[in-house]
There are 2 protein chains.
Amino acid sequence: MEVTLLDRRNFHLFQPLLYQVATGSLSPGEICAPLRSILSRQKNTRVLLGEAVDIDPRAGTLTLKDGGQFEYDSLIVSTGSKTSYYGQDGWRTSAPSLKTVEEATAIRHKILFAFEAAERETDPGKRTAWLTFVIVGAGATGVELGGALGEIARHTLRYDFRSIHPPDARILILDGSPRVLPSYPPDLSTHAEGSLRDLGVTVKSGVKVTAVDAGGVTYEEPGGGHQRVESKTVLWAGGVTVTTFGRKLAERTGAPTARAGHIEVNPDLTVPGFPNIYVVGDLALAKNREGKPLPGVAQVAMQGGAYAAKAIVARLNGPKDLEPFHYFDKGDLAVIGRGRAVANIFGWHLSGLFAWLVWLFVHLMYLVQFQSRILVFVQWGMEYLTFSRGARLITGEPVKDAEVE
Amino acid sequence: MEVTLLDRRNFHLFQPLLYQVATGSLSPGEICAPLRSILSRQKNTRVLLGEAVDIDPRAGTLTLKDGGQFEYDSLIVSTGSKTSYYGQDGWRTSAPSLKTVEEATAIRHKILFAFEAAERETDPGKRTAWLTFVIVGAGATGVELGGALGEIARHTLRYDFRSIHPPDARILILDGSPRVLPSYPPDLSTHAEGSLRDLGVTVKSGVKVTAVDAGGVTYEEPGGGHQRVESKTVLWAGGVTVTTFGRKLAERTGAPTARAGHIEVNPDLTVPGFPNIYVVGDLALAKNREGKPLPGVAQVAMQGGAYAAKAIVARLNGPKDLEPFHYFDKGDLAVIGRGRAVANIFGWHLSGLFAWLVWLFVHLMYLVQFQSRILVFVQWGMEYLTFSRGARLITGEPVKDAEVE
């Protein structure tokens, strides 16, 4: 059996820790692992750097961006999701989101530069706008970003400036849901909100963002009134939509799609009518035994990938009926800051230090490379002891209109 | 006494290890330290993010890029040098140099992408061009880059590809001098060249590069004939010239300059006629007691900075005669690869493993932050054991026309 891994990037990105790159705790190299080195011992597998832009599912060919063609017998599509600005793509420029390494370093640039600009600003109104940080979205990413920003302002930068007092920074999380982490049990949402409050982060729930521009955000309150927040740093932790290739796949196969373009797959994760095309990860809309859609999280993607690989091998070894994909939910974890996290594991609701230790252990274990694990462990150890952040660099373009697919 | 540190960047870059970022061994965060955290305990010092573009040395004011003005009583100018393409600025696009973090990641992109492109290329001629790497310049940077490229091709990537055999890569160092590391004693140059040869690197000495473009390099041989090398990856490790602000300072003060624009300073490192303006580092042309110009290396810059600070304090404490600046030369070190280095320390010529251990120790000790030191030590330990490179990421723009000042 010959396997080809086709990817636009030459590395695997460990997405759950990307917010730590954006907030200066880790370097990109620590949460990325080169695909070739992960697979270098797997001799039947080749890695190709390239981007699939089209597919002919009847002929079994992919078209690459540079015009090349690629043939397959079986295909696993896992192109994931990209950030959705709910049709307001103009907001992207003012409010970057957190999907790629480039965006993470651009957000790091934006956050750190805001404190630098505030230090030099003499006009009190403008200074306040530089020291106001708004995060749109109160899911795991929004909560993690908010908590990290709270720690940066309260601890990391506390003694580093002379004209401003970083703990005075205003950090705001806006979300349409009635509570943070809406997919978690309500008591854990309450815990998370308390932890955020301890770090000086204000949560506005049930609000609707109506405008984002370079000067700030306007939102509609539950009562109906409009509020304007002047802020030079707006970060987007909102929803997702499918990638361009995902849309192309749906178009070419005629597969049914859900609202945000996710492909409704068969119980064995194949595209209806194409038993040799599997869709796994964020692009797929798979369902559990009760018919409830599975969430777009890493666990579902990882288990889906393993299932698809086994299914292909089983099919090559002769026709037999394979059990449909069954998702084993290990639970949910979200971190807010040092010693603060919430976890919902097999129905147990954990919060505080213990949840944080579980979070730490799980994330270190899932980090792909042994070397990264040691480095991240050292970085986190130093950060825990000193509240310092080793990767507080303002590099690259100020804020580039990063490609987010 | 009030001190202001004005810099365009918010971090200190440990330049001697920048080639390790370019070759995927280290992440930018590991060789950079935020200025604010270095100076956070020094309460009389403030850090400002800004770029000086002009000076009025009689009024004692600096003009910043954003239009702001800044007054000083005493000034230390250490704006360093930028890469010189010997008047051929068009070569910059095809042959990036190694001065900034952004350039280092761009070079990393270029090197790693070349192997990826070769893996996909089917035309033998084009594949050879992707697998040919040319470094212009055989000083410390050129030798370090060449050695690291040799290790990447021979060890790191050895088993990672299926269509190409990375050790077949051709690595070429071109230089006008008759030997590599021309500032070192001849026996160490011979050692270094032997180590490079062991890593599959070819050195062409005494040649003159006459053209650089996207397709390769043309050079003139000592005999006079012209050679063309088809290569998709040309890296520039040539000479340096002074920064724009350095030129402005010379213009405004009427200071004498050397050929590449370096300011010829007084024995106390001040600009002639301006006893309150000190120039240290690569921008200055200081001389030792025998009247020989001091080299543009980190040691001279560090000792110059310490001297200028002491001189200012002494002058504020009352007029007295200060000893002229005396440079204490601790020696030179250049690394070629794992266990391979050359060193000239107090007249002792060291090479091989022992020189490499000295290099390791010195560079770890001078890394500014304790945290970075531990991380780099771990990274190097892993790399030594496994030949892996933890930061083999292709990120950012393909090759951007980076600002190199």
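Tutor: First, how an angle is read: axes are lines fitted to C-alpha atoms, and angles run from 0 to 180 degrees between N-to-C directions. Keep in mind that this is a predicted model.

Student: At what angle do helix H7 of chain A and helix H8 of chain A pack?

Tutor: H7(A), residues 140-156, and H8(A), residues 186-198, pack at about 25 degrees. Their axes lie 9 Å apart.

Student: Why are H7(A) and H8(A) called roughly parallel?

Tutor: Angles under 35 degrees count as roughly parallel. The angle here is about 25 degrees. H7(A) and H8(A) are therefore roughly parallel to each other. The crossing of H7(A) past H8(A) is left-handed.

Student: Which residues make that contact?

Tutor: H7(A) brings Val143(A), Gly146(A), Gly147(A) and Gly150(A). H8(A) brings Ala192(A), Ser195(A) and Leu196(A).

Student: What makes four of them polar?

Tutor: Gly is among the residues that count as polar. The contact of H7(A) with H8(A) has three nonpolar, four polar and no charged residues.

Student: How do you know that the same surface serves both copies?

Tutor: Of the contact residues of chain B, 100% recur in chain A.

Student: How many residues does each chain give to the contact?

Tutor: Chain A gives 39 residues, and chain B gives 39 residues. On the side of chain B, H12(B) gives the most, with seven residues. That side divides into 16 nonpolar, 13 polar and 10 charged residues.

Notes
Residues are numbered from 1 along each chain as its sequence is written. Chains are lettered from A and ligands numbered from 1 in the order in which they are written. This is a predicted model: local features need pLDDT of at least 70, side-chain atom pairs count only at pLDDT 80 or more; totals for chains, interfaces and linings use all residues. Two residues are in contact if their C-beta atoms, placed from the backbone, lie within 7 Å. Helices (H or I, at least four residues) and strands (E, at least two) are DSSP runs, numbered from the N terminus. Angles under 35 degrees count as roughly parallel, over 145 as roughly antiparallel, 65 to 115 as roughly perpendicular and the rest as oblique. A crossing is left-handed if the near helix is turned anticlockwise from the far one by less than a right angle, and right-handed if clockwise.
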